[in-house]
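Subject: Structure handover

Hello,

Here is the structure I am passing on to you.

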Amino acid sequence: MSKLAIEGVSKSFAATRALGAIDLAVEDNDFLCILGPSGCGKSTLLRIVAGLEEPSTGRVLLDRQPVARPGPDRGMVFQSYTLFPWLTVRRNILFGTRSTPEKADSLIFKVGLKGFENHYPKQLSGGMQQRTALARALANDPKILLLDEPFGALDNQTRALMQELLLGIWEADRKTVLFVTHDIEEAIFMANRVAVMSARPGHLKSIVPIELPHPRHYRMKTTPEFSRYKAELTEEIRVESIKAMEMAPSTSTT
Amino acid sequence: MGPGARVALGLAFFILFFAAWALATFGGYVSPTFLADPASMLREGWNLLVQHGFMKDILITIWRVFGGFILAAAIGIPLGMAMGAYKPVEAFFEPFISFSRYLPASAFIPLLILWAGTGEAQKLLVIFVGSFFQIVLMVAVAVGNTRRDLVEAAYTLGASDRAIVTRVLLPAAAPEIAEISRLVLGWAWTYVIVAELIGASSGIGHMIMDSQALLNTGQIIFGIVVIGVIGLVSDFLFKAFNRRLFPWRLA
């Protein structure tokens, strides 16, 4: 039995179908990236898993229990900066109902925020805010970590460092991760498997296992194997991106 | 523009204003019956304070403003929060309160005198009526505007519905609620004077009414200036207090 099972999940807003029926299983300790063009509904799918949105059809099971509402068993990091501005870094990380001072301190160290515990979010760079958000989600010890383009708003260099940081954390304790992105390189570098989605209404197009060894190093991005994956996924996504562009007016959100 | 230049320009207008006033009155362009000159205003003010116990009136007026305002805030802020947080509560109260906010507080004075007499309760009620509906509506809007993604993040961290109110909506809206309080307190100063003009035997407004009967424009202007100074000082203190209370906004 899978850790997370998405069974026939679809979503329609008013008359338009945003997300086709999706069947997807995520195994324990898996790192699955959902890769798709803008507006394909990949974020909607993640929000349904988080319990922030209700599916029009189908259901989501976590450890065989149906998901009805958001809960601490599914930690989430959003693309937008969602730290509580009135709390310091440390108090943000302590916000979760299952967070403890010991876990918070160890995570502050792991994400490299030692010395910034008592800073307010406004005093932090975007990368530091997202590291805090990641620590906040992990401190709550969720069964699965949901990441919605968490590095999408960061500059390229910072994003690359954040990918290595997250991958390092995953390699250390193999927390089950569901990661949504439109960045092909990001998906290959991080994932065990990449689920490619079609243009809106999003369907699951294919699942590509990434058989690159761990621990992964950033230099891996220039190896022939990496390039082969990149070429393969680029082809898959390109077709869908073209379709998405042709339907441009209705694809305002990711 | 530097802060020094700002202060200088701000002061310059005050000086210009007083110069024009002095010119009009000392120059004999305006009759003293209608407008006292600055010197007699200060003299009359000194008389008021020393001989007529005006300090007591000032303190009574301050107490009324704060008493009525605190009463309105103590009920209005929780109600506004409940409206901002829960849609059914908002649907229940919002139409009535939107209507009530346009009822002028001063028009209630005859009714309030009938109900509560001319004592302190009536004065506090005028301030209450004038402040309460404004506070409720503005707090409801402030709470309702809390960033959706912060609420969602809190839910994914295991927060209960109750915790969303106390740990997210309240702290997120707190600076704005403080700002609303500062604004409404400013308005309360207008209501208190109106309340004291009718059926009062003490307070700054009452003194102004008495001075009118004596055609003492110096006292009237002094009373008005005192209200202005107290308003400015309380506003300044409120602002300073808010800044101390919410360091994370300025960080």
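The notes below cover the overall build, one group of paired strands, the domains and the chain contact.

First, the ground rules. This is a predicted model: local features need pLDDT of at least 70, side-chain atom pairs count only at pLDDT 80 or more, and totals for chains, interfaces and linings use all residues. Residues are numbered from 1 along each chain as its sequence is written, while chains are lettered from A and ligands numbered from 1 in the order in which they are written.

Overall build. Chain A has 7 helices and 10 strands. These are DSSP runs numbered from the N terminus (helices: H or I, at least four residues; strands: E, at least two). The radius of gyration of chain A is 18 Å, close to the 18 Å from the globule rule for 254 residues, so chain A is as compact as a globular protein of that length. That radius is taken over C-alpha atoms, and the rule is 2.2 Å times the number of residues to the power 0.38. Along the principal axes, the C-alpha atoms of chain A fill a box of roughly 50 × 45 × 40 Å.

Paired strands. Strand E1 (residues 4-13) of chain A runs antiparallel to strand E2 (residues 16-26) of chain A, with 7 bridges joining them. Strands pair if DSSP finds at least two bridges between them. A:Lys11 has A:Leu19 in E2(A) as its bridge partner. The hairpin of E1(A) and E2(A) has 2 residues between the strands, and A:Ala14 takes a positive phi near 55° there. E1(A) also joins strand E4 (residues 57-62) of chain A, antiparallel, through 5 bridges. In E4(A), A:Leu62 stands opposite A:Leu4.

Domains. The assignment for chain A gives domain 1 (4-72 + 143-150 + 176-248) and domain 2 (74-141). Such bounds come from an automatic or database domain assignment. The centres of the two domains of chain A, taken over C-alpha atoms, are 25 Å apart. In chain A, 13 residues of domain 1 are in contact with 12 residues of domain 2 (C-beta atoms, placed from the backbone, within 7 Å). On the domain 1 side, E7(A) gives the largest share, 5 residues.

Chain contact. The contact takes 23 residues from chain A and 12 residues from chain B. Strand E6 (residues 74-77) of chain A gives the most to the chain A side, with 3 residues.

Best wishes

How values were computed. Two residues are in contact if their C-beta atoms, placed from the backbone, lie within 7 Å.
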